[in-house]
Amino acid sequence: MLGGRTNHWGRISLRFGPNDFRRKSIDGLGEDWPINYDTVKPYYDKVDKLIGVFGAPANLPNDPDSIYLPPPKPRLHELMFQKAGKALDIPVIPSRLSILTKPINNERGSCFYCHQCNRGCQAYADFSASSVLVIPAVKTGNVTLITNAMAREVLTDQSTGLATGVSYVDKEKLSEHTIKAKIVVLAASACESARLLLNSKSARFPNGLANSSGVVGKYLHDSTGASRGAFIPKLMDRERYNEDGVGGMHVYTPWWLDNKKLDFPRGYHIEYGGGMGMPGYGFGWGMENQNGKYAGPDGKMKEAGGYGASLKNDYRRFYGANIGMSGRGEAVATADNYCEIDKNTVDKYGIPVLRFNYKWSDYEIKQAKHMQDTFEEIIHAMGGVATGSKPGPENNYGLAAPGRIIHEVGTVRMGNDPKSSALNKFSQAHDAKNVFVVDGGSFVSQADKNPTWTILALSWRASDYIIDQVKQKNL
Amino acid sequence: MKRRDTLKALTLSSFGIAAVNPQELLAEQRELELALAESNVEDTIEIPGGRTKEEAIHDAQLMKMTFFTPAEMATLAVLSDIIIPADEKSGSASQSGVPDFIEFMVKDQPNWQTPFRGGLSWLDLESRKRFDKVFTSLSKEQQLKIVDDIAYPQKAKPEMSQGVAFFNIMRNFTATGFYTSEIGIKDLGYMGNRPNQWDGVPEKVLKQYGLSYS
């Protein structure tokens, strides 16, 4: 197996919208991107066609449509979410996931609805970097793939200031190696790329490579996240059928409100869960909190907890009657949230590690409060009973700790001004023109969308630029 | 290189031949560690689908260890069958392998070892206090007298709180162990995890809930 998070991610494949590239112009916070939606759009189109994504055109102003394969029909609880959304004026539309509901070429199969995308698809019917990008790349014969290589630093020529290669340690043999290169492209994920650059110190680059601005590691931001679960009594004693569907939600809610009318600046989308999934570790836990609240088949209430035939029947009756909602929103990027090299700690290869400084601001906390209020509205509209007590100010309204949603971006941000950005608009380092960063590190702002599709589009754009610059003999 | 060959080749540097590059020594040391990790389990280790070699080695090592005593395993079997007995639809918790599942889980997640061992001890102590015998030697009626005092968290007496906490854990692990077994999945009626085509909710279910796709 090759690669990292694309092996087990949720396949949520959203384009950023026009407003997502110009947040500062809209609300005065953070920074605008040096590029706009029209610049990235052709690359989103290419990514759609190469990789495949299902969904349905919705023609929304800030959630642009992709080139879609047919979406799977909603499951039962998802139809209930849609009905509740209609009553509340909250859009609940087909989700947009990079899973092939139809074959797109002879190399990859199409989805057979086993719901196990997070284990990596053996038919290559969903997107992972290894199955969809690396394998075809290796097949060209133009690629030498070195696995188990832990990059230590980017090496530079002290007179020209250009990168000359990368040093790495073989994780199996613990031996040291160097690779010479004309161009170095980092795609190690936002924090690891920042770590590599910060560790690439030299007399010429005392603050690390591509860091004369001092911004490398700064503006680190993750998606916000808050969740709530509920029990839907009318789903008790459900009819059984195979409702696995694809390995993710079939519907979702894109951001639908105007922040000018709200007390927080950025939006969020809602992801929906529920259904008769495959029982796994944790199945049935906490029945003692549930089976005392609802009448039995005889219409009578009974004592919570218990054992025996009646308890066994409860597990059957309650199966498939729980739902969940997760908000995933945009945080405001700030220089105060950053990662930096820990002066005292190295990893097992002797490479200095990162330490993190990250605090949520009122913007994110108020957004989480809004999520919780929305979740309860939806639960009530569905005739459900919310699980546990409503998260409040005592725990930031259930706002997950920074880093938990693993959409970290922004640590090597792009911009037109070399004093306030590490990369230019082609993801190329201002300080060393043969160094590129093509992961989430280049993001100026996160948007209320998952970052993968934009990472892919910007990576493709940087690749085109590299080819062009090599042809022009600038690289 | 095969593990046997690795073990043979190691003699080169393990006698401390001076000229060997320290990097290579380190690399050989690492190969030795990997080879020994494997030799601690089986000569040939089978790697199930979806597992890495390291995970397969980890699992094989866990399976070789024993945590619960035979007496503890017997108590787990009796208790789990009180929680999920056989009925007209399916077998019991112990028939589905719940005690073995708990044995595996406490080795995989050692933080559960004390709650289980301690909870089982609590149960035997309570049994001795009341009936002068360990739990498994009690009559069914006597066993249920104790279980009735710890199975209902909201009406249990305060002095039973530790027993209640243990029984909650036991109930949870029994449910997960049973319903993730083949018997339990059939009992529950889960029909997925197999190739199929999803074409939406069956018509009669849509009608039942007053929903439609149009």
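Predicted model: local features only at pLDDT ≥ 70, side-chain atom pairs only at ≥ 80, totals over all residues.
**View 1. Six strands of chain A form an open sheet.** The strand order is β1-β7-β8-β9-β6-β12, and the pairing is antiparallel. The edges are held by β1 (93-94) and β12 (385-386) of chain A. Each of these two has a single partner strand, so one side of each is left without a neighbour in the sheet. Strands of a sheet pair through backbone hydrogen bonds, either parallel or antiparallel.

**View 2. Strands β7 and β8 of chain A pair through two bridges.** β7 covers residues 251-253 and β8 covers residues 268-274. The two strands run antiparallel. A:Thr253 stands opposite A:Ile270, a residue of β8(A).

**View 3. α3(A) and α7(A) pack against each other with their axes 9 Å apart.** The angle between the two helices is about 110 degrees. α3(A) is therefore roughly perpendicular to α7(A). Their crossing is right-handed. On the α3(A) side, the contact is made by A:Phe81, A:Ala84, A:Ala87 and A:Leu88. On the α7(A) side, A:Glu377, A:Ile378 and A:Ala381 take part. By class, this contact has six nonpolar residues, no polar residues and one charged residue.

**View 4. β10 and β11 of chain A form a hairpin.** Strand β10 takes residues 338-346, and strand β11 takes residues 352-357. Five bridges join the two strands, which run antiparallel. One bridge pairs A:Cys339 with A:Phe356 of β11(A). Five residues lie between the strands. In the turn, A:Gly350 has a positive phi of about 85 degrees.

**View 5. Three strands of chain A form an open sheet.** The order is β2-β3-β4, with antiparallel pairing. β2 and β4 of chain A are the edge strands, and each pairs on one side only. On average, neighbouring strands of this sheet are turned by 25 degrees against each other, direction ignored. In a regular strand the side chains alternate between the two faces of the sheet.

**View 6. β3 and β4 of chain A make a hairpin with five residues between the strands.** β3 runs over residues 163-170 and β4 over residues 176-180. The strands are antiparallel and joined by five bridges. A:Ser167 has A:Thr178 as its bridge partner in β4(A). A:Val169 is bridged to A:Glu176, also in β4(A). A:Leu174 in this hairpin takes a positive phi near 60 degrees.

**View 7. A:Leu155 lies in strand β2 (residues 149-156) of chain A.** A:Leu155 has 18 other C-beta atoms within 10 Å, so it is partly exposed; a buried residue would have 20 or more. Beyond its neighbours within four places in sequence, A:Leu155 is in contact with A:Ala163, A:Thr164, A:Gly165, A:Val166, A:Ser167 and A:Thr178. Of these, A:Ser167 and A:Thr178 are bridge partners.

**View 8. Chain B has eleven helices and zero strands.** Along the sequence the pattern is α-α-α-α-α-α-α-α-α-α-α. The chain has 214 residues, and buried residues make up 25% of them. Among contacts in chain B with a separation of 6 or more, 47% join residues 24 or more positions apart.

**View 9. Chain B meets chain A through 44 residues of chain B and 46 residues of chain A.** On the chain B side, the elements that give two or more residues are α3 (22-39), α5 (70-83), α9 (161-179), α10 (182-188) and α11 (203-209). The largest share, six residues, comes from α9(B). By class, this side of chain B has 24 nonpolar, 14 polar and six charged residues.

Key: Residues numbered from 1 in each chain as written. Chains lettered and ligands numbered in written order. Contact = placed C-beta atoms within 7 Å. Helix = DSSP H or I, 4+ residues; strand = E, 2+ residues; numbered from the N terminus. Nonpolar A, V, L, I, M, F, W, Y, C, P; charged D, E, K, R; others polar. Buried ≥ 20, exposed ≤ 12 C-beta atoms within 10 Å, placed from the backbone. Pairing = 2+ DSSP bridges. Axes fitted to C-alpha atoms, helices over the stretch in contact; angles between N-to-C directions. Parallel < 35°, antiparallel > 145°, perpendicular 65-115°, else oblique. Left-handed = near helix turned anticlockwise from the far one by under 90°.
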